[in-house]
2 protein chains.
Amino acid sequence: MGKKVTTAITPTREEDYPMWYQEVVKASEMAEKSPVRGCMVIRPWGYTLWENISSQLDEMFKETGVKNAYFPLFIPLSYLEKEAEHVEGFAKECAVVTHHKLEQGENKKLVPAGELAEPLIVRPTSETIIGESMSKWVSSYRDLPVLINQWANVVRWEMRTRIFLRTSEFLWQEGHTAHANEEEARERTLMMLNVYTKFVEECLAMPVVRGSKTPSERFPGAVDTMCIEAMMQDKKALQAGTSHFLGQNFAKGSDIKFQNADKQEQFAWTTSWGVSTRMIGGMIMTHGDDDGVIMPPRVAPSHVVLLPIYRKDEERAEIMAYTQALAAELRQIRYHGRKIVVEIDDRDIGGARGWDWVKKGIPLRAEIGPKDMANDSVFLGRRDKSARDKTGVKKDTFVDGLCDLLDEIQDTYFQRAKAFMAANTVDIDDKKAFYDFYKSRKGIHGGFAMSHWCGNDACEAKIKEDLSVTIRCIPFDSPQEKGECICCGKPSNKRVLFSKAY
Amino acid sequence: MGKKVTTAITPTREEDYPMWYQEVVKASEMAEKSPVRGCMVIRPWGYTLWENISSQLDEMFKETGVKNAYFPLFIPLSYLEKEAEHVEGFAKECAVVTHHKLEQGENKKLVPAGELAEPLIVRPTSETIIGESMSKWVSSYRDLPVLINQWANVVRWEMRTRIFLRTSEFLWQEGHTAHANEEEARERTLMMLNVYTKFVEECLAMPVVRGSKTPSERFPGAVDTMCIEAMMQDKKALQAGTSHFLGQNFAKGSDIKFQNADKQEQFAWTTSWGVSTRMIGGMIMTHGDDDGVIMPPRVAPSHVVLLPIYRKDEERAEIMAYTQALAAELRQIRYHGRKIVVEIDDRDIGGARGWDWVKKGIPLRAEIGPKDMANDSVFLGRRDKSARDKTGVKKDTFVDGLCDLLDEIQDTYFQRAKAFMAANTVDIDDKKAFYDFYKSRKGIHGGFAMSHWCGNDACEAKIKEDLSVTIRCIPFDSPQEKGECICCGKPSNKRVLFSKAY
């Protein structure tokens, strides 16, 4: 028997990927299941990550002229019905409010009372309710475009839930815009997908494939759904963001009309686009390793933890003073516009202390003992290296080089994920090879297949039925190329991205 | 007939205060009623104000060691019952989710389906659900204190609603902390009330009276409810924030136990504290005038609007270039840590343009015409002066003095509100005088009465019944003083604050 390397997380990714995911989330204290069906509790370490995600995205939205607003949590049932496909898509999994108070019933138990004349739906998305407002705000082409975003909680009743990835309640942002013409609305749809791409690649260090959904995978009611798809370490795809061109469908449903410059009345063209706390699950599954979560520095809740080490009480004061001074110095530094966040952990719990921070995924751990202090240095551990691989660094070098070091770590994560996605994305032209590709071993299959598709719903459905593999998107940068549909053999002129998915 | 001064808002405060409130909110485009019962739509101008309020409060919370987290929107009915007074207080006005999907019923109409085994309450406040998490997080005194805050939407079903002041859904923050002993929990309760006081007075420019609620006005389940009370221009009180010492009541209900240093098991001591979008209503009613909303500079969505004026198209390019350059210069300035926000409004709508910004309450309006440009100056209107009172100011003077000018305006608002509150706060010792004080003329009565109260619930209830006047708080800085209860004449040793209230 060879020597087994101990890992902080059991099981490892190799041993049981879904269980590994649950365990890293738990060990990082990012979030936990709540006793409320399908809902999660996002703990401070996870919520601070969400704050860093949302504040940076928010800034990017605002740079494109978008303003935030807030709309009601409840949607009257009749609103949901304004767009036919939309209601079809969301009626099956929504929370329905039917009463507005509680009263003592039999056995003095509280029971719902005050039945509502019309049931209310807890918003699964807000196109219909925001459309109602837009119809009031817009009367002339001068009122357009309307560029609105909302940060909110939404509810879609899920039977099988997984923290961050699929929860009945989740946090998200939903952008909603209305335009005077189709071209401008289509441009906005792509513009927001580009914002997501930039954010996800640069800040979350997750490489993505950009493309459009097939008709069967579109947002209910959309004319075109654009998306970004990332690859998890089990080689499944995860949709990390979507941007929908809604045509005039919702404008007609919500009566968003305007007079154009020629005094003709027209319906507006609308878009919607969103990312959610789901992205956090994707980030964990993209970067995490068998020692726990890995936080890309650009979004990390904290950048550095200082770990003072002293054996005798006499040493304590001096070590702590050195530590505090270093922390103060570090906190002066700005990394991509955000202040460096420093933790000081002086809990007396031995080696478990360092491991706690490894599991949380903090980019840098700096131990400070009497020797380090005497040398005017710190003993540095990097999350992109093995947890045991630590080196002494002069304090000034550490401080002066901090931003570069964080950028280097950020880039390491991105390049690693990019190489992994490239290595597991294959052009497949043979049907048997395609089917073999998706035979799973311990739940891990081949990855992304770039294969031809004739455009027929039936072929897409057949592959989904046989393999649980779907067309994740029709990639924007897939070149025109003659080929044969991987399912039926009929002619096709473009490869699409197939994969199993979350 | 005297000359009537035209105001931007009809009716004026004097003519009809409640209607004036509705009209200023509407004219400012801050928010509007939604077709969903009791819910409001917060439009960008109102939501940006909320962002400025929440981001500044958030920073203050974090400085005291509080971290943000997020808990489920839904609370199982059984949780609400964990604290007896609590359920009593909230059962009467809550949204109840009873189903988790919709199905086609008769006439193909959608009806609720998938009935839940246990109904869920949309959170009216989160003590019970957060308590559940805390009970898992806390086992030793080393795990304490737990200092958590949540920014969220909550729902309390209201029959009579008013934008910002009383809506079924509103946005708020709710802080929840758990401590190892009573003293620390009481200190935290006061600490957070002090944070609110500082924020409301310094940023919202609203003077407040700090004190404790009487037992009948406490948060359901609290041992002590501290509050800050502000005076609106109709001399009614508005509670602008509360901080509750919950004793061990909720810890017992949620089983938040810990082992102390002597290995004894004990229940924790908890607190909760919150402010909401209601504060915005208070701000409007404190400062607004007959020309519209007034935004204190520290929280204003924008600080300055530039209004380019050109008669000929030839002038346009030059004027706009001058305007853009000035905007760029202003945007470099930081005012209390926040970047100066500048609007440029070049809509061709004549005089209505300036009035729009007056109604929105922006602190400064700078008109820029050919003459101003030639003089290297702007024609400046201040929201703290009459809308017609504008003066030419050298551009450099304007830029260099901007922060001081904003501080001056901020202070003007605060001093004005403070003087108003002082002028309408009266010590009353005579019962008839007290009753006369609250005789209203066009809905406007005397104001705050500082009167003696024996401490008896019955006297409090009698005055409430007779006059709709309640004890807003037992002020902290009301000195010990012998007197007679304003209702029954029995001995009292402290004056309390009586008022009608929102």
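Five bridges link two parallel strands of chain B, E15 (residues 304-308) and E19 (residues 364-368). One of the bridges ties B:Val304 to its partner B:Leu364 in E19(B).

This is a predicted model, in which local features need pLDDT of at least 70 and side-chain atom pairs count only at pLDDT 80 or more, while totals for chains, interfaces and linings use all residues. Residues are numbered from 1 along each chain as its sequence is written, chains are lettered from A and ligands numbered from 1 in the order in which they are written, and side-chain values use heavy atoms, with hydrogens and water left out.

**The sheet in chain B**

E15 and E19 belong to an open sheet of five strands with mixed pairing, in the order E18-E15-E19-E20-E21; two strands pair if DSSP finds at least two bridges between them. The edges are strand E18 (342-344) and strand E21 (390-394), each with a single partner strand, so one side of each has no neighbour in the sheet. From one strand to the next, the twist averages 30°. Helix H9 (residues 313-330) of chain B lies across E15, E18, E19 and strand E20 (377-382), and runs at about 170° to E15(B). Angles run from 0 to 180 degrees between N-to-C directions, and axes are lines fitted to C-alpha atoms, for helices over the stretch in contact.

**Two residues**

Beyond its neighbours within four places in sequence, A:Glu158 is in contact (heavy atoms within 4.5 Å) with A:Arg37, A:Glu93, A:Arg166, A:Thr167 and A:Ser168.

**A helix pair in chain A**

Two packed helices are described by the angle between their axes and the distance between the axes. Helix H2 (residues 44-63) and helix H6 (residues 182-202) of chain A pack at about 140°, with axes 11 Å apart. H2(A) and H6(A) are therefore oblique to each other; angles under 35 degrees count as roughly parallel, over 145 as roughly antiparallel, 65 to 115 as roughly perpendicular and the rest as oblique. Residues of H2(A) including A:Ile53, A:Leu57 and A:Phe61 meet residues of H6(A), among them A:Met192, A:Val195 and A:Phe199.

Key. Helices (H or I, at least four residues) and strands (E, at least two) are DSSP runs, numbered from the N terminus.
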